[in-house]
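Let's take a walk through a protein structure together, one stop at a time. Keep the picture open beside the text and look for each residue as it comes up.

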Amino acid sequence: MALHSPLKILLSVLLLLGAAFAGAEPTYNNPIVEQRADPWIHRHSDGYYYFIGTVPEFNRLVLRRAKTINELSQANEKTIWQPTEQSSIGINIWAPELHYIDGQWVIYFAGAPVEEPWRIRMHALTTSDANPLQAEWSKPIPMHTPWDDFSLDATSFAHNGKRYLIWAQKDREKKYNSALYMAELETPVKIKEPVIMLTEPTLDWEVVGYKVNEGAAVIKKNGRIFVTYSASATDHNYAMGLLWADADADLMDPEAWNKMPEPVFYTNEALKRYGPGHNGFTVAEDGKTDVLIYHARDYKELKGTPLTDPNRDARARAIEWDEQGFPVFGQSNND
C-alpha cells in the first residue's frame with residue numbers, strides 16, 4: 001500500500017523540483033492511485049490535475065484533483081454520481097473520462113441496468129459549473145450509436161476545427177467482443193454519421209482470452225494523430241497497440257490510418273508489471289513532457305477473475321519520442 005505521510009509529499013516535491021532544474025524527466029511515485037483501473041487525467045487551465053477511473057465495485061463515479069500528479073494519491077476523493085432506484089443504469093460503471101469541451105465539462109462512461117448487467121452502453125454526464133467536484137451534473141445521457149449493442153470506452157479529441165469520438169463496440173456480425181470505431185460529434189454527446197472502423201482484433205496478440213480492441217486514447221505530435229488502444233483479456237495478457245494517421249489526412253478515411261503489427265507496451269514479469277493498458281495521456285508539471293497514464297497489476301496470479309480482482313492500479317510515466325517522431329513507451333523502464 002502507498003505510504004500516506006507528509007514526508008512522502010515532501011519527497012515528491014523535491015523529486016519534481018530536482019527534475020525541473022536538472023532538465024530530467026519527471027519521476028512519479030507509482031502507483032499514483034491504487035485500485036483505479038482505466039485511469040484518466042485531465043490537466044485543466046485552473047492548474048489542477050483531475051483524476052477519474054473505474055472503482056472496483058463498478059457502482060459509482062468518483063473524482064479527485066491535485067496540483068501535481070504525485071499528490072493525487074493523497075487527494076480527497078468525491079463521489080460525483082451514483083445510481084438511484086430511478087436510474088436506468090446501475091452496474092458495471094466502467095471507464096469514465098473527464099473532458100472540457102466548449103466551456104462544458106463532460107464525463108463519458110459505460111454502464112448497464114442492474115437487471116441486465118451485460119447490456120453495457122455508453123453514457124455521458126455534463127455540467128457548465130466551473131468546479132467539477134462541486135458541480136451539479138446532468139442525469140446520464142445515452143450516447144446512441146448506429147447499431148444498438150455492447151459499447152464502451154468513449155474518448156474525444158479535436159482536430160482542424162472538428163471534434164471526434166472514438167469508442168469500442170461489438171461489431172454487427174458479432175465476430176469478436178469489440179472493435180474501435182470513430183465518428184465526428186454533432187454535439188459533445190451526439191454522434192454524427194458516418195461511422196468508420198479504426199481497428200478490429202485480428203492479430204495474435206489481440207485475441208488472447210477475448211477478441212478485443214478497446215480503451216483508445218489520442219495524442220497529437222510531430223505531424224501525426226496517434227491512437228493507443230488495448231487488446232486481449234484484462235489479465236497479464238492485456239497489452240497496448242498503436243495506430244496513427246498524418247495530421248493533414250482525412251481522418252474519416254479508414255485508409256488514412258496505419259497500425260503497428262506488434263504491441264507497444266505489455267507485461268514485463270521482471271519488473272512485476274502485468275497487463276498494462278487502458279491508458280490516457282497528460283502533460284507533466286513542466287508543461288512540455290508527455291506522460292502516459294495507465295493501469296497494471298504487480299502480480300500475475302489473479303485474486304479471483306480479471307474483473308473481480310480489484311488491484312489494477314493507476315500508474316504514470318514520462319514517454320519519449322524517437323527520431324521518426326513516434327512515441328517510445330519504455331517497455332524496460334521500471335515504473
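This is a predicted model: local features need pLDDT of at least 70, side-chain atom pairs count only at pLDDT 80 or more; totals for chains, interfaces and linings use all residues.

**A guided walk**

Is Glu 136 buried or exposed? Its relative accessibility is 68%, and because exposed means over 50%, Glu 136 counts as exposed. Leaving aside neighbours within four places in sequence, Glu 136 is in contact with Thr 126, Thr 127 and Asp 129. Take one of these, Thr 126: Glu 136 and Thr 126 are ten residues apart in sequence, and their C-alpha atoms are 8.8 Å apart in space.

Ala 256 is found between strand S15 (239-246) and strand S16 (258-259). Is Ala 256 buried or exposed? Here the relative accessibility is 16%, and because buried means under 20%, Ala 256 counts as buried. If we do not count residues up to four places away in sequence, Ala 256 touches Trp 244, Ala 245, Ala 249 and Asp 250.

From the loops we move on to the sheets. Strands S15 and S16, on either side of the loop of Ala 256, belong to an open sheet of four strands with the order S13-S14-S15-S16 and antiparallel pairing. Strand S13 (213-221) and S16 stand at its edges; each has a single partner strand, so one side of each is left without a neighbour in the sheet. Further in, S14 and S15 run antiparallel and are joined by eight bridges. To find one place where they meet, look for Ser 230, whose bridge partner in S15 is Met 240.

Another open sheet is also made of four strands, in the order S9-S10-S11-S12, again with antiparallel pairing. Which strands are at its edges? They are strand S9 (151-159) and S12, each of which pairs on one side only. On average, neighbouring strands of this sheet are turned by 25 degrees against each other, with direction ignored.

Let's cross this sheet strand by strand. S9 and S10 pair in the antiparallel sense over seven bridges, and here Phe 157 stands opposite Tyr 164 in S10. Next, strand S10 (residues 162-169) pairs with S11 in the antiparallel sense, this time over six bridges. Leu 165 has Ala 183 as its bridge partner in S11. Strand S11 (residues 179-187) is mostly covered, with seven of its nine residues buried. A hairpin then joins S11 to S12 through two residues. S11 and strand S12 (residues 190-199) also pair in the antiparallel sense over six bridges, and the bridge partner of Leu 180 in S12 is Thr 199.

Go back for a moment to Phe 157 and Tyr 164. Why do these two rings count as a stacked pair? Their centres are 5.1 Å apart and their planes meet at 20 degrees, and because planes under 30 degrees apart count as stacked, the pair is stacked. Both residues are tucked away: Phe 157 is buried, with a relative accessible area of 6%, and Tyr 164 counts as buried at 5% relative accessibility. Leaving aside neighbours within four places in sequence, the contacts of Phe 157 include Tyr 164, Ile 166, Met 182 and Leu 251.

Phe 157 also leads us to the largest nonpolar core, which has 30 residues. Those that touch the most other members are Trp 94, Phe 157, Ile 166, Met 182, Leu 198, Leu 251 and Trp 257. Strand S14 (residues 224-231) gives the most to this core, with four residues. In soluble globular proteins, nonpolar side chains tend to be buried together.

A search of the whole structure finds 14 aromatic pairs. Ring pairs link Tyr 48, Tyr 50, Tyr 100 and Trp 105 into a cluster. Which charged ends sit over the ring of Tyr 48? One belongs to Arg 65, 3.7 Å from the ring centre, and another to Lys 67, 4.2 Å from the centre of that ring.

Terms used
Residues are numbered from 1 along each chain as its sequence is written. Side-chain values use heavy atoms; hydrogens and water are left out. Buried means under 20% relative accessible area, exposed over 50%, partly exposed in between (1.4 Å probe, protein chains only). Two strands pair if DSSP finds at least two bridges between them. Contact means heavy atoms within 4.5 Å. A nonpolar core is a set of buried Ala, Val, Leu, Ile, Met, Phe, Trp, Tyr and Cys residues joined through side-chain atoms within 4.5 Å. Rings of Phe, Tyr and Trp (its six-membered ring) pair if their centres lie within 6.5 Å; planes under 30 degrees apart count as stacked, over 60 as edge-to-face and the rest as tilted. A charge sits over a ring if NZ of Lys or CZ of Arg is within 6 Å of the ring centre and within 35 degrees of the ring normal. Axes are lines fitted to C-alpha atoms, for helices over the stretch in contact, and angles run from 0 to 180 degrees between N-to-C directions.
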